[in-house]
Amino acid sequence: MAQDTSAQQRVHTAAVITLSDGAHHGTRVDKSGDLLEQKLASAGYEVVVRRVLPDERAELAALLRSLADDHGVRLVVTTGGTGLGPRDVTPDATRDVIDREVPGMAEAMRMESLKKTPFAMTSRQVVGTRGQTLIVNLPGSPKAVDECLDVIIRVIPHTLDLLAGKTEHK
């Protein structure tokens, strides 16, 4: 029997970016980034970049642009900075760089989270595209990373295929 290579064909590069002043300064452990990297690797993504940044809008926007435009990373997933705190700027930086927003993915994550906590209403996570790169914002807690990524993980390969121009129906 011929070996199925579809999984191999779907391997995409990914970046994990944690936005946290505390983790950046070494006063907090980046548990969310660790979990996110593990979950993406388990799903078959090659995590080629892992960064911890302070909650700085311009710094995040510059990194997102570079990963998409200069390094061809296909999937960038952030964790942290999606709330209403004065330093929570991840969605704003993401909107600064995306070409198109994908509201259905962000809405689906919020809807699932809302089943578990009313505080999901305050999450401002954004999902969007820049060229052939999908950028996904997740909240900063490990529990939220786990729950939110589970909501969209099955749709990501199809989304990346569409961004690459593979639009034929199967």
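**View 1. Strands β1 and β2 lie side by side in a predicted model.** Seven bridges link β1 (residues 13–19) to β2, and the two strands run in the parallel sense. Helices (H or I, at least four residues) and strands (E, at least two) are DSSP runs, numbered from the N terminus, and two strands pair if DSSP finds at least two bridges between them. Look for I17, whose bridge partner in β2 is R51, and for A15, whose bridge partner in β2 is V49. A word on the model: it is predicted, so local features need pLDDT of at least 70 and side-chain atom pairs count only at pLDDT 80 or more, while totals for chains, interfaces and linings use all residues. Residues are numbered from 1 along each chain as its sequence is written, and side-chain values use heavy atoms, with hydrogens and water left out.

**View 2. Strand β1 also pairs with β3.** β1 and β3 run parallel and are joined by five bridges. Here V16 stands opposite V77 of β3. Six of the seven β1 residues are buried, leaving the strand mostly covered; buried means under 20% relative accessible area, exposed over 50% and partly exposed in between (1.4 Å probe, protein chains only).

View 3. Six strands form an open sheet with mixed pairing, in the order β2-β1-β3-β6-β5-β4. Its edge strands, each pairing on one side only, are β2 (46–53) and β4 (100–101). Helix α5 (residues 90–97) packs on the sheet and touches β1, β3 (75–79), β4, β5 (127–130) and β6 (133–138), where contact means heavy atoms within 4.5 Å. The direction of α5 makes about 165 degrees with that of β6. Helix α6 (residues 103–114) packs on the sheet too, touching β4, β5 and β6, and its direction makes about 25 degrees with that of β6. Axes are lines fitted to C-alpha atoms, for helices over the stretch in contact, and angles run from 0 to 180 degrees between N-to-C directions.

**View 4. Helices α6 and α7 cross.** Their axes come within 9 Å and cross at roughly 130 degrees. The two helices, α6 and α7, are therefore oblique to each other: angles under 35 degrees count as roughly parallel, over 145 as roughly antiparallel, 65 to 115 as roughly perpendicular and the rest as oblique. To find the contact, pick out M105, A108, M109, E112 and S113 of α6, together with C148, V151 and I152 of α7.

**View 5. Helix α8 sits among its neighbours.** Six of the eight residues of α8 (residues 156–163) are buried, so the helix is largely enclosed by the rest of the structure. Those buried residues are I156, P157, T159, L160, D161 and L163, and they pack against β3, β4, α6, β5, β6 and α7 (142–152). Just after α8, G165 takes a positive phi of about 90 degrees.

**View 6. The largest nonpolar core.** A nonpolar core is a set of buried Ala, Val, Leu, Ile, Met, Phe, Trp, Tyr and Cys residues joined through side-chain atoms within 4.5 Å. Of the 21 residues in the largest one, L36, L40, L75, L134, V136, L138 and I156 touch the most other members. Helix α7 gives the largest share, four residues.
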